[in-house]
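Morning, everyone. Here is the model I want to walk through today. Please have a look at the sequence and the structure first.

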Amino acid sequence: MPRASDFVNDASDNGAMTANACGPWTTTDPRGEANYEAALRRYPGQAIVDLAAMRDNMRHLVDVVGGPRSSTAVMGVVKADAYGHGLIPSALAALAGGATWLGTAQSHEALALRKAGIGPDRCHVLTWVYNGARAPFDELIEHDIDISLGSMDGIEAVAAAARSLGRPARVHIKVDTGFGRNGFTEQAFDAALARLVPLAKEGVLHIVGQWSHLAVADAPNVPAFVTSTDRQIDHFQDFTRRMERAGIAPEIRHLANTAATLTRPQIHFELTRPGIALYGYEADRAMGEPADFALTPAMTLQAQLATVKDVEAGHGISYGRTYLTDEPTSTAIVPLGYADGIHRSASGFDEVGARHTDKEGGPVRVMTRQGPRVLHVSGRVCMDQFILDLHGHAADMGVAEGDTVELFGPGRGERYGEPTADDWAKTAETISYEIFTCLRNRIPRLYRHAAEVLPASDLAKLDPATLL
Ligand SMILES: *Cc1c(COP(=O)(O)O)cnc(C)c1O
């Protein structure tokens, strides 16, 4: 076992350590430190993903539904490149934590899981978004991937693919209980049953599941929303009864996303489908903090400062002069911008700037000689960079080019001065989901604790250059 070592970003040759608001990152992989240095050379921002946090979040979710022996299984939802965390590493961490299902929206990601060697002996995989006229249903069936069916065209296309392969398709019937997105409505369901029943009898379709999605489960404190979720649950059960009466009772029912997994034990059924909780966040900041739900954010987004300089009072910062310095100060450039997925709506304005409004920009943890400080995006977020007003002199603060700053981290809390993706979501008027999924892949992803979390055969599925 290689010796664990802590390391920080020490980019300078003259021996003067640069300040660091993140980590220190521990590595057990002998190449970890070299991988880290290589990532910093390649790009001035990195997403550090903690696979142990992800495994532990999944373990917790499995406990929430009654533990590994309960009759409820857990699906790790890894759509959209695992909410930007990296599809394969995240999927493997979810399995290490006890997930027995993986879910992706798009079919190419479901296929990527199988092609990475995550076989049907390890877990079921469900996929649910496709263009029924062109989807690779044959490939999905051949790779033992479960397919959602929520339209008549989908039924015909999947049945045709299964017939020509001579192999039944495993399908989950999607019903629209009030979300208004995919699935058969109550009115359309008789027609659907009329097609499904003979195809099931013929053995072309194996009807595995019945499922639906909730619209407002993330607002357990809003009575009107609780009522509408209750109504969705009633509808869901009506659909089950109709399937039973038609002779195609679902083996597995699933309805609960993260919010319902955490707050609605009565609808865990045989499977729950948490996504955002795997990555360490509750579904909506109105529900509370990740720690309230025993979750740990898995991703830290950090960057190394570019130009740090002194400017006069009244200096316009960035496009549109929406922010003017109110006193002599220093500014620092964070070399990530909207082309990296930093939302332009997280820009910061001040009263004297051209917008004449005070709006706090996205928060950044900066290490100063006086301790950590949370500073905010000042002025417009640009394509590849944004600017921080340090509200002080860089030389006094000990802030310099090359320092590592943290945009969001594992949620050590406000007292620690650590922003979260929820904080960015608030200033950008969005949700943490979008903060993560917008992060472009030009930002290197680096994985912590991979060797500790994953068996050797899984570790071998990861790019060794991404391991810390
Ligand atoms: C994304 C998604 C989920 C997971 O939702 P979270 O709020 O991230 O838990 C579950 N089911 C479906 C159909 C989804 O699209």
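Contact here means heavy atoms within 4.5 Å. Keep that cut-off in mind. This is a predicted model.

Start with the layout. The chain splits into two domains: domain 1 covers 5-48 + 298-453, and domain 2 covers 51-292. Their C-alpha centres are 36 Å apart.

Now the interface. How many residues of each domain are in contact? Domain 1 brings 21 residues, and domain 2 brings 20.

Next, area. About 1800 Å² is buried between domain 1 and domain 2. Carbon and sulfur atoms give 59% of that. Which residues carry the domain 1 share? Ala-298, Tyr-433 and Val-453 supply 33% of the area that domain 1 buries against domain 2.

On to the charges. The rule finds two salt bridges across the interface of domain 1 and domain 2. There is a salt bridge between the side chains of Arg-55 and Glu-452, at 3.8 Å, N to O. For scale, the salt-bridge cut-off is 4 Å.

Polar contacts next. Between domain 1 and domain 2, six residue pairs are in polar contact, both residues at pLDDT 80 or more.

Where on domain 1 does this side come from? Four elements each supply at least two residues of the side that touches domain 2: α12 (421-427), α13 (432-437), β19 (445-448) and α14 (450-453). As for composition, that side of domain 1 has nine nonpolar, six polar and six charged residues.

That's the interface. Over to you.

How values were computed:
Residues numbered from 1 in each chain as written. Predicted model: local features only at pLDDT ≥ 70, side-chain atom pairs only at ≥ 80, totals over all residues. Heavy atoms only, no water. Domains from an automatic or database assignment. Buried area = accessible area lost by both parts, 1.4 Å probe. Polar contact = N/O pair within 3.5 Å; in protein donor to acceptor, adjacent residues only side chain to side chain. Nonpolar A, V, L, I, M, F, W, Y, C, P; charged D, E, K, R; others polar.
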